[in-house]
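Please look over the ligand surroundings and the helix packing in the structure shown here. The briefing takes these two topics in turn.

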Amino acid sequence: MEHMKRKTEIDKLEREEHLEREEWIGLLTGWDEEDRAYAGERAREISHRYFGNRIYVRGLIEFTSYCRNDCYYCGLRRSNTKACRYRLPEAEILSCCEAGYGLGFRTFVLQGGEDSGYTEDRMIALIRRIKALWPDCALTLSVGEWEEEAYRQFYEAGADRYLLRHETADSVHYGVLHPSDMSLAHRIDCLQKLKAIGYQTGCGFMVGAPGQTGETLAKDMSFIEELHPHMAGIGPFIPHRDTPFGKNQRGSYKLTLFLLSLLRIMEKNILLPATTALGTICDRGREEGVLAGANVIMPNLSPVAVREKYAIYENKLCTGEEAAEHMDRLQNSMRNIGYEITFERGDWKERQREKGKERTRQWNINMISCRR
Ligand code: SAH
């Protein structure tokens, strides 16, 4: 009985790209392995329809570990006096891009803490330089919250995409994860502005973050439905000992895979990475992420000497298949499960809506952000 109900809900999600709050909560709290296998099958079929067996890659450059924020879950939070801080000079970032270009990468992702040492002007100059040297590459930024004008200037300087995880779509839960000088409303405001400026925009959250419930996860899924982002990053929460959540449990591997599948089923053409965090908690994480519906992998292109210092959580994977210099290994592991790495830029593509499946729902994201 219960199985039939959940299967029907997964089918409804595929058809209507929407579930009611209660349906989400039921599905996300009552699921079992059979449901996960079914969602995985549907998700794989959809991925194949949109992307074939191709997996996009992005070269990730973690260019600064300084951060002015104090997010309770992150090893780079400003209160963590044990964190090793580094800030790559521009020349070194360009060397990473050059090496990455040689390896075949056509997307670079600049990720970092919110580092006042990298001012708006410095960011603009860096973006211009990268786009002048490698005009055929896409540039993704993942550098947190800025004023709208800064986002606009970065875009005009050539940045193409922006990753800003919303972290949780429940404002009370947001307050459990962040100090009071940060707010969900502001985070959402940033995401809406990024999208309006023209960035291919990504949101996302950690699975199993402290305080997460079926209800907050249900809100995350409805939020993603309404924001309708181009990309979404979800990975398990992994504790870092030098943070307030150091003794919390890590997020569930299987729930992460299930959520990846549900995201693929709802947002069919979304760019969805099998994240480093997923690969960190399980050796087969990247492969199983792809088999659950992910279609992007982001190998580490940071200078080897700083990789361990970018410790947002403990034991973060940065070697082997996770390392950009071992693309052959990643290619092999993908081939083993029937996929191929492709070096295309891999931009988001509008899809033809299947007949009868037009979105009819209202854009009511403001309702979500204000609702508890
Ligand atoms: N400062 C940037 C980049 C943050 S790091 C920003 O604010 O967007 C990128 C992501 O890593 C975060 O959005 C968060 O979801 C994730 N992250 C941080 N700490 C983590 C942890 N302990 N376990 C798993 N993921 C974590």
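This is a predicted model: local features need pLDDT of at least 70, side-chain atom pairs count only at pLDDT 80 or more; totals for chains, interfaces and linings use all residues.

Residues are numbered from 1 along each chain as its sequence is written, and side-chain values use heavy atoms, with hydrogens and water left out.

**Ligand site**

- Around the ligand there are 17 residues, of which Tyr73, Gly112, Arg165, Glu167 and Ile238 come nearest (a residue counts if one of its heavy atoms lies within 4 Å).
- By class, this shell has nine nonpolar, four polar and four charged residues, where Asp, Glu, Lys and Arg count as charged, Ala, Val, Leu, Ile, Met, Phe, Trp, Tyr, Cys and Pro as nonpolar, and the others, Gly among them, as polar.
- A polar backbone atom of Ile238 is 2.7 Å from a nitrogen atom of the ligand, and a backbone N or O atom of Gly112 lies 3.0 Å from a ligand nitrogen atom.
- A polar side-chain atom of Arg165 lies 3.0 Å from an oxygen atom of the ligand.
- The protein buries 91% of the 550 Å² that the ligand exposes when taken alone (Shrake-Rupley method, 1.4 Å probe).

- The axes (lines fitted to C-alpha atoms over the stretch in contact, with angles from 0 to 180 degrees between N-to-C directions) of helix α3 (residues 33-51) and helix α10 (residues 253-266) come within 8 Å and cross at roughly 45 degrees.
- The axes of helix α1 (residues 2-16) and helix α2 (residues 21-30) come within 10 Å and cross at roughly 125 degrees.

Terms used. A polar contact is a pair of N or O atoms within 3.5 Å; within protein, one must be able to donate a hydrogen and the other to accept it, and residues adjacent in sequence count only if both atoms are side-chain atoms. Helices (H or I, at least four residues) and strands (E, at least two) are DSSP runs, numbered from the N terminus.
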